[in-house]
Amino acid sequence: MELNSMKALSQEELRALYKKFLHSQDISKATINTAYVDTFYLWRKGSKELFWSAVTATDFENEARNALIKALSENSTGNAKSLASGYMSHLRRFRLFLSSEEMIVPVEYKHQITAKPKPASREIIINKMYVGGYLSEGDNIGHEIINLYKADDGKNYIYLNSQGTIELSRGENSITVLLVRKFASKTYKVLAKADGITILDFADSKLPRKERYKGQVALGLTYGGVSLVDLFNENSYRGSLEEEKNAYTTFVADRVIKPKNQIYITDDESVSGDNTFFIRTNKGFGKQTLREFYSENEKPESFTDLNQIIENKELWEEANTTQAISELPEPQKDPYFNFLKIIRQEDNELAFSNMFAYFFDINRDAFSRFAQEVLSVDMQTDFTIEREKKNIDLLISDKNNAVVIENKIKSSINGINERHDIYSNQVQSQLKKYYQFVTTDDEYCKKTVSCFIFSPNYNRIELSKFSCGEKYTVVYYREIYNFFVENRNLFDEVPYFEDYINAMHKHTKDYDNELEEEMQRRFQNTIYKAKKH
């Protein structure tokens, strides 16, 4: 084929032709996968004309290198001169392809040379991170942890939950991956967007697992000097080390951009607001699926809503701020480690209700002060604490007061009883049941009744939705935590007190990102341990 005819090809046609040439050479599959993407960097980031000008330049070494450094400086946060060397090696191989006498046009491309290429459809993939029981088994590291780090080669690789595979035909689309994690019911926090997506060949869902794993090994990715495939060697499944290996990367991305501030997406229009965006869907976000595909052709409304977020420059950082492991400080031990983490009960409402009852009772002067400062109740020290009386988490009473405490961490008031009041649109729930009990029971009805809900700071509780909701006051864990920290001298030598307040700390945050932080700690610690050995 003449050079001018080759220049007339689209990028897709040229890449397919070049890939055939690469497979005819004595080079690894990993190199083929990388060359298939990186050779055309100048075309993707600049233009078709820039690419051809560089690879056919008389002074190729200087002109191509200068073009690469300029493009990398504008589109990458890494060292442009250093990165350019890797891309130069791919351009040199492409020049060998141009001069090859064996180069011919495959039959399947003869009719496409003069035809206009079909415009690529745009597609947004929601990739849900940090979910599933798999992360709670042992010290497993979720494969998606790599999504927010650069590999040692300076590039961003993305693992698509679950299993890391995808149909290669989707590579014909222009893909953006939205990385999210569960925040609340029907609401996800957006962690980042990944664009300039290219599917790695070995992530093909049609390949056997062994072949996918071979491709992953051949790619040779490292993080902090440790092989990616080695990082997951200690992961277990149902108590045993995983035997069936798989692909741990699905895409390579041109960049991964994080939001400037906290942003969320929801399929419930009633909870949308300034930084929470409502996404129109037919049936809502899938509860079980860990990835969802939204094509502009097949799901235009959902795509439009998501794309407005993606293209809103006000929401996103201007540059890729992800870092390589080598750029991060050595991870520190978790300063809030406690026994509930050991037994994986950090979100157990029953455990916290029991601890509240224990530490309220063990120093009655301290609780009397707590009641006055935090609950605004003048409680005497001769009180009684009852657990689960009429299903009330804590019922605390003295001769003058009856205090109802409902402790909520992960569960919602909503699902207790969905029947509505006849005379209002409020939900009849446990709140009404508890209030009616203490205000009518002979033991408590003559006392001053005060009702509270203890809630993590990241929870959203709208009391107005519930019958008798106005009788309750929400007390956030941060207020409880601060009281005990400021009065820790009142609990000197009390066993497990430090564990108690450390366990409470995760629920004092405005955002429930404990699992996200834990995955980052495990990932970084595994790397540093491997390097020490």
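From first C-alpha to last, α2 reaches 18 Å, close to the 18 Å expected at 1.5 Å a residue; the expected span is 1.5 Å times one less than the number of residues. Helices (H or I, at least four residues) and strands (E, at least two) are DSSP runs, numbered from the N terminus.

A quick word on what you're looking at: this is a predicted model, where local features need pLDDT of at least 70, side-chain atom pairs count only at pLDDT 80 or more, and totals for chains, interfaces and linings use all residues. Residues are numbered from 1 along each chain as its sequence is written, and side-chain values use heavy atoms, with hydrogens and water left out.

Next, select β5 (187–199). Of its 13 residues, 12 are buried, so β5 is largely enclosed by the rest of the structure. Which strands pair with β5? One is β4, running antiparallel to β5 and joined by seven bridges; two strands pair if DSSP finds at least two bridges between them. The two form a hairpin with two residues between them, and K186 in the turn has a positive phi of about 65 degrees. Another is β10, antiparallel over six bridges; look for I199 opposite F251 there. β11 (264–266) is also antiparallel to β5, through three bridges, with T187 opposite T266.

Now pick out I145, Y157, V177, Y223, F251 and F523, the residues with the most contacts inside the largest nonpolar core, which has 45 residues. Such a core is a set of buried Ala, Val, Leu, Ile, Met, Phe, Trp, Tyr and Cys residues joined through side-chain atoms within 4.5 Å. β5 gives the most to this core, with five residues.

Last stop: select β15 to β19, an open sheet of five strands in the order β15-β16-β17-β18-β19, with mixed pairing. Its edge strands are β15 (384–389) and β19 (472–476). Inside, β17 (401–407) and β18 (448–455) pair in the parallel sense over seven bridges, and N401 has T448 as its bridge partner.

Technical notes: Buried < 20%, exposed > 50% of the residue type's maximum accessible area, 1.4 Å probe, protein only.
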